[in-house]
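Hi everyone, thanks for making time today. I'd like to walk you through a few spots in a structure, so please have a look at the screen.

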Amino acid sequence: MPNNTPQTEYSYTQLDPRLSASCEPTPVQQPQWLAVNTELAEYLGIPEALCGTEQGAQVFAGNEVPDWAQPAALGYAGHQFANYVPQLGDGRAVLLAEVIASDGQRYDLQLKGSGRTPFSRGGDGRSPIGPVLREYLVSEAMHRLGVPTTRALAAVATGELVQRQQAEPGAILTRVASSHLRVGTAQYVLAFKDRALLQRFADYVIERHYPDCANANSDANAKQPYLALLEAVIERQAQLVAKWMSLGFIHGVMNTDNMTLSGETIDYGPCAFMEAYDPATVFSSIDRRGRYMYQNQPPIAMWNLARFAETLLPLLHDNDEDADTAIKLATAAVESFEARYQKHYWLAMTAKIGLTPEHQSAQILVQDFLDLLEQHSIDFTLAFRYLSDAEPTRLAALFKQDDAWRPWYQRWQAAWPEGFSPSQLAQVNPAYIPRNHRVQEVIDEAVNEGSLSKFNRLNQVLREPFVEREENADLMLPAATGEQVTRTFCGT
């Protein structure tokens, strides 16, 4: 691991002073390590002297600001449960720097839970230990499951209490993202009513995430760059949400400030993985009307993307006469989300049963299997995992000796392509996900006993979610009666 200073830049905070606010983390009493991601640290070029050391605890707790950091809180707006809030911003996070990784890729390095900022709106700027451990576990699990996501570099306890429903130990997460630019960021920029700023921002997003869009005008048949940007973001989000759905993942709070322009999953607050398959599943304690339930995630993504399209409208026309054309172009782009999403959804879901969308029975078989799971309240993850078994003994056990699964299984067998073996599905359907009750056990142990043994075990197992091991069989199982965690909280 390198010992030198990481290669850093500050391109976004230097783009325009109105888009961020310089502010330093608030020091804490007694920083102590909870976890450090040494593999990610090496990739990012983070000095070895900061990994698991006393000096590193001071830096990742915000007590010491290294000379390569220029801390700032980023501004953004957002629709929260469809209600527009013109100024949100990083109320409990600071961006330390943009780090250039070993392969030349740029990443934001952010402290989350590091104290008040100019965007705190009366909040304390802190995070309890529970949401920090949850985001660490779930974001790293999502990465291992092949889902575009922010990642966790470090977690440090603060030695201080944070008051939420009760007093809880505090902690700070160091989060890594391709960027923290959101749909809500574009909404924030639009509100300045400065077309030149909006164009600089859009050009920045293109340069950082979608450089091919900059060449759109070079092809006479291509669309202009800002329409190409809109379509690129729509495509990334269609891929992302389809991946969520194929894993039974429920984000919990799909506000526009929680949707990245890069297409990464961000802000693991009241998130959870569904167990018994039910499309109407809701976990978030604040989602009282079920806006962000599992089955609503695709249409909500499309709704959010319509808000992003609105921010780009001034760049899609040069005069009032072109305004209607711009709206039509943007509308057509947003409406393309459904077809894009369906394409990626069926690619993912048919792969889970070893077929392709082109197979005449594939989509029917998937839907019929999901209907079976819903009718019998069968665990989503295990049902697909057990399809990889040579004999359907474990699948049958899920149905508690009810033979309802058998006709479907025989139809599925008849559809197998030549040379197919069920064992191939073990590489597609995970054995392990961060089940909600297991994550809660981790949090309870950390809060009540000051121990991280369950965290360390679960974190290690989730590094290889497709590799089944007998000694970890308990971590595969859904919550038993009395273990279910049906509500999750965001930590703010």
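Predicted model: local features only at pLDDT ≥ 70, side-chain atom pairs only at ≥ 80, totals over all residues.

Let's start with helix 6 and helix 7. Helix 6 covers residues 225–247 and helix 7 covers residues 297–312; their axes come within 10 Å of each other and cross at roughly 165°. Because angles over 145 degrees count as roughly antiparallel, helix 6 is roughly antiparallel to helix 7. For those of you who like handedness, helix 6 passes helix 7 in a right-handed crossing. Who meets whom between the two? From helix 6, the residues involved include Y226, L229, L230, V233 and W244, and on the helix 7 side they include P298, A301, L305 and F308.

Helix 7 also turns up in my next stop, as part of what covers the buried residues of helix 4. How many of the 8 residues of helix 4 are buried? The count is 7, so this helix, residues 183–190, is largely enclosed by the rest of the structure. The buried ones are V183, G184, T185, A186, Q187, Y188 and V189. Besides helix 7, the cover includes strand 5 (78–80), strand 6 (83–85) and helix 5 (195–209).

You'll find T149 in the loop between helix 3 (129–144) and strand 9 (151–163). Is T149 buried or exposed? T149 counts as buried, because its relative accessibility is 6% and the cut-off for buried is under 20%. Setting aside neighbours within four places in sequence, T149 is in contact with S139, M142, H143, E264, T265 and Y268.

My other residue is R438, which sits in helix 13, residues 436–449. R438 is buried too, with a relative accessible area of 15%. Again leaving out neighbours within four places in sequence, R438 is in contact with L458, D474 and L475.

Last, the cysteines. C51 is buried at 16% relative accessible area, and C213 is buried at 7%. How many disulfides does a search of the whole structure find? That search comes back with 0.

How values were computed:
Residues numbered from 1 in each chain as written. Heavy atoms only, no water. Disulfide = S-S within 2.5 Å. Buried < 20%, exposed > 50% of the residue type's maximum accessible area, 1.4 Å probe, protein only. Helix = DSSP H or I, 4+ residues; strand = E, 2+ residues; numbered from the N terminus. Contact = heavy atoms within 4.5 Å. Axes fitted to C-alpha atoms, helices over the stretch in contact; angles between N-to-C directions. Parallel < 35°, antiparallel > 145°, perpendicular 65-115°, else oblique. Left-handed = near helix turned anticlockwise from the far one by under 90°.
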